[in-house]
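The briefing starts with a pair of strands and then moves on to the rings.

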Amino acid sequence: MKKAIACLMLVLALIVLFEPHVNQAIVGWISDLMSEQEAPAQSDPAPSFSQQLGSSKRTDMLDVTLYFRFADTSVLGAQQAQLDIRREETVATSIVQRLIDGPDIAHERLSGVFPQGTELISVSGEGATAFVTLSGGFLGKPDGAPSDWEDSQDWQEEAALRRRLAVQSLALALTEGGRFQRVQLYIADNDDEIPQRIAMAWMDTSVTDPTLVLAACPRDEQAMLTPGRALEMIMDAWQSQDWAAMYPLMADTQDDPLPTLSVFEAEMAARDISLLAYSATPGTVSFDGRTATVVLDAEIRSHEGGDAQIVRESVPLVRVQDNWAMSTDTLQSLMIRD
C-alpha cells in the first residue's frame, strides 16, 4: 500500500512539472485517495447504556410520562413531558424533581401533591427497587391549608391522601417502561442524615400503630385515570347527580367546547335523567392512543319517559390534555334513548 502511494506521488509530481495546465480535479482526486488510505474508516458508535439512561455527557431529550392529581379526585392523571437530561443527572432523578415541581400550567386539570418546601435529597437504584429520599418538608403543611390545619380532621385526611398520591406518582413514573418495579420512599433532612422510613400513620389517619412503616410500593394502576376508571367516575357522578364532579371529565375542545360549570349543571338538572345501575369494561385504547372505547351496560330512568336499558354499548372517550374525557355529545347520546 505504501509503494502504491509513493507511485501516485511520483505521477503527481511529473504531471505538475510537465503539464502545468492539467485539470486540478485530477490532483484533488489523487489527494483525496491518499487521505482515505491513510485515515482508518470510522462509524458512529452505538449509544452506551449510560447514554440511554440519561447519565451521558451529551444533552438528550427523553419522552416520559409524569403523574399528578386529577382535579380534586383520588386518582392521578398523566402529563407527557420531555426531559433535558444533563450529564450529572439520571433519568430517575429528573423524573422525581419534575414530580416535585408540579404539572405544567397547560395541564389545568392537574395539580401537584408534594407540598412546597419538599426537597429531593437523593435517588438511587438497587436491582428492581428505586430508593427516593425526600426532605422532611414532604410531611409538612399541605399547600392551601390554613395555619391550624393539624387541628382539622378534614385537612389531616386531605394531607394523608396527598401523601399517598405522591407515593403512587413516584411509583407510576419510575416504573413506566420497566425502569424499576417498585419504589421505597425515605425521609432525611440532608445528605449526612441517615434516611428514615415513613410511618404509615402519615399516609392513613386510621393507623395507630407507630411501628408500621411504608414499604416499597409497586405500580398500582388503580391510582391511574385509565379509560375504564374515567368512565366509572363519570357514571358515579351521574348516579349521585354530582355534576361538579363530572365536569372535569368532560372534553373541552375547539370542535366541542364545554360550557361553564353553572350552565352544565343547569343542563343536567333540566334533563332530570337518573342512572339506576351500571357496569363497564376496563376499555381498550386505539393504536394511535388518541381515543378509547369502553363497553357499558346501564339502566336509566327519565322522569318524563320511564326506564331504558343501555346494553353492551360502545362508549368512546377522547384524550384531552393527555387524559381521558367524554364529549358532551356522547353523554347526551347515553341520556337520550329512542
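Strand β1 (residues 60-70) pairs with β2 in the antiparallel sense over 10 bridges, where strands count as paired if DSSP finds at least two bridges between them, and where strands (E, at least two residues) and helices (H or I, at least four residues) are DSSP runs numbered from the N terminus. This is a predicted model, in which local features need pLDDT of at least 70 and side-chain atom pairs count only at pLDDT 80 or more, while totals for chains, interfaces and linings use all residues. Residues are numbered from 1 along each chain as its sequence is written, and side-chain values use heavy atoms, with hydrogens and water left out.

**The sheet**
- Aspartate 63 has glutamine 82, in β2, as its bridge partner.
- The open sheet has 3 strands in the order β2-β1-β3, with antiparallel pairing.
- Because β2 (76-85) and β3 (110-111) stand at the edges with a single partner strand each, one side of each is left without a neighbour in the sheet.

**The aromatic rings**
- The whole structure holds 3 aromatic pairs, meaning rings of Phe, Tyr and Trp (its six-membered ring) with centres within 6.5 Å, called stacked when the planes are under 30 degrees apart, edge-to-face when over 60 and tilted for the rest.
- The ring centres of phenylalanine 114 and phenylalanine 138 are 5.8 Å apart and the planes are at 45°, so this pair is tilted.
- Phenylalanine 114 and phenylalanine 138 are both buried, which means under 20% relative accessible area, with exposed over 50% and partly exposed in between (1.4 Å probe, protein chains only).
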